[in-house]
Amino acid sequence: AKILVLHGPNLNLLGAREPEIYGHTTLADINAALAARAREAGHELAWYQSNAEHELIGRIHQARDEQVATILFNPGAFTHTSIALRDALAAVAIPFVEVHLSNVHAREPFRRHSYLADIAVGVICGFGPDSYRLALEAALSRLERTAA
Ligand code: DQA
């Protein structure tokens, strides 16, 4: 199956950006590890990062045309602001896992609310780069269950 990993704003700076919060691992490292794991499990993984809300929306629409089976999405700060991304995910009806490196519940109060979490399959946050790895494992076992 096709798996799409979507990264929102500022995640291109991962590794250099507030390392005390987000760690030293780069986005390229994360994507490479996810792609290798997906391949090993017999799936195809693509990734996309954008700082622009409309580009993320466009990529979500494209995912429907490509028959993407599942999305792992770290929407960055759009998590806390974007009804448009919520509507895009609802429109394509592709199951997705919301991912955050940091524990958004242990930070500023405005990070506690997500416009996406209640329509996600699940949310993983607080494990740094491992959040993505854990989200992929959850998506893989879910794909196995639903492909039967
Ligand atoms: C983030 C958490 C968001 O609150 C923040 O705006 C980000 C990154 C995370 O991965 O921890 O940009 O999504």
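Colleague: Leaving aside its neighbours within four places in sequence, which residues is Leu101 in contact with?

Modeller: Leu101 is in contact with Tyr22, Gly23, Gly128, Pro129 and Ser131, once neighbours within four places in sequence are set aside. Keep in mind that this is a predicted model.

Colleague: Where does Leu101 lie, and is Leu101 buried or exposed?

Modeller: For the second part, count C-beta atoms: 20 or more others within 10 Å make a residue buried, 12 or fewer make it exposed, and anything in between is partly exposed. Leu101 has 23 others within 10 Å, so it is buried. As for its place, Leu101 lies in the loop between β4 and β5, the latter being residues 122-125.

Colleague: Let's take them in turn. Where is Tyr22 found, and what does Tyr22 touch?

Modeller: Tyr22 is found in helix α1, which covers residues 19-22. Not counting residues up to four places away in sequence, Tyr22 touches Leu14, Arg17, Leu101 and Ser102. Its count of other C-beta atoms within 10 Å is 19, so Tyr22 is partly exposed.

Colleague: And His100: which strand does it lie in, and is His100 buried or exposed?

Modeller: The strand is β4, residues 96-100. His100 counts as buried because it has 25 C-beta neighbours inside 10 Å. Beyond residues up to four places away in sequence, His100 touches Asn74, Cys125 and Ser131.

Colleague: Now the ligand. Which residues are around the ligand?

Modeller: The residues around it are Asn10, Asn74, Gly76, Ala77, Thr79, His100, Leu101, Ser102, Val104 and Arg111. Sorted by class, that shell has six polar, three nonpolar and one charged residues.

Colleague: Which residues does UniProt list for "binding site"?

Modeller: The unreviewed entry lists Asn74, His80, Asp87, Leu101, Ser102 and Arg111. These are spread over 38 residues of sequence, and they are spread in space too, with up to 24.4 Å between C-alpha atoms.

Colleague: How do I read a helix, say α3? Which residues in α3 are buried?

Modeller: Helix α3, residues 53-65, has 13 residues and reaches 19 Å from its first C-alpha to its last, close to the 18 Å expected at 1.5 Å a residue. The buried residues in α3 are Leu56, Ile60 and Ala63. Seen down the axis of α3, its buried residues fall within an arc of 55°, so they line one face of the helix.

Colleague: What do the buried residues of α3 pack against, and which exposed residues does the face turned away carry?

Modeller: The packing partners are β1 (2-7), β3 (70-74) and α4 (83-92). Turned away from that buried side are the exposed residues His54, His61 and Asp65.

Colleague: One backbone feature to finish. Which residue follows α3, and what is its phi?

Modeller: Gln67 follows α3, with a positive phi near 55°, although it is not a glycine. Gln67 has 9 other C-beta atoms within 10 Å, so it is exposed. After α4 comes Ala93, whose phi is positive as well, near 55°. Asn10, in the loop between β1 and α1, has a positive phi of about 75° and is not a glycine. With 14 other C-beta atoms within 10 Å, Asn10 is partly exposed.

Notes: Residues are numbered from 1 along each chain as its sequence is written. This is a predicted model: local features need pLDDT of at least 70, side-chain atom pairs count only at pLDDT 80 or more; totals for chains, interfaces and linings use all residues. A residue is near a molecule or strand if its C-beta atom, placed from the backbone, lies within 6 Å of it. Ala, Val, Leu, Ile, Met, Phe, Trp, Tyr, Cys and Pro count as nonpolar, Asp, Glu, Lys and Arg as charged, and the others, Gly among them, as polar. Helices (H or I, at least four residues) and strands (E, at least two) are DSSP runs, numbered from the N terminus. Two residues are in contact if their C-beta atoms, placed from the backbone, lie within 7 Å. The expected span of a helix is 1.5 Å times one less than its number of residues. The arc is that of the directions from the helix axis to the C-beta atoms. UniProt positions are given in the numbering used here, feature names are shortened, and annotations may be inferred rather than shown by experiment.
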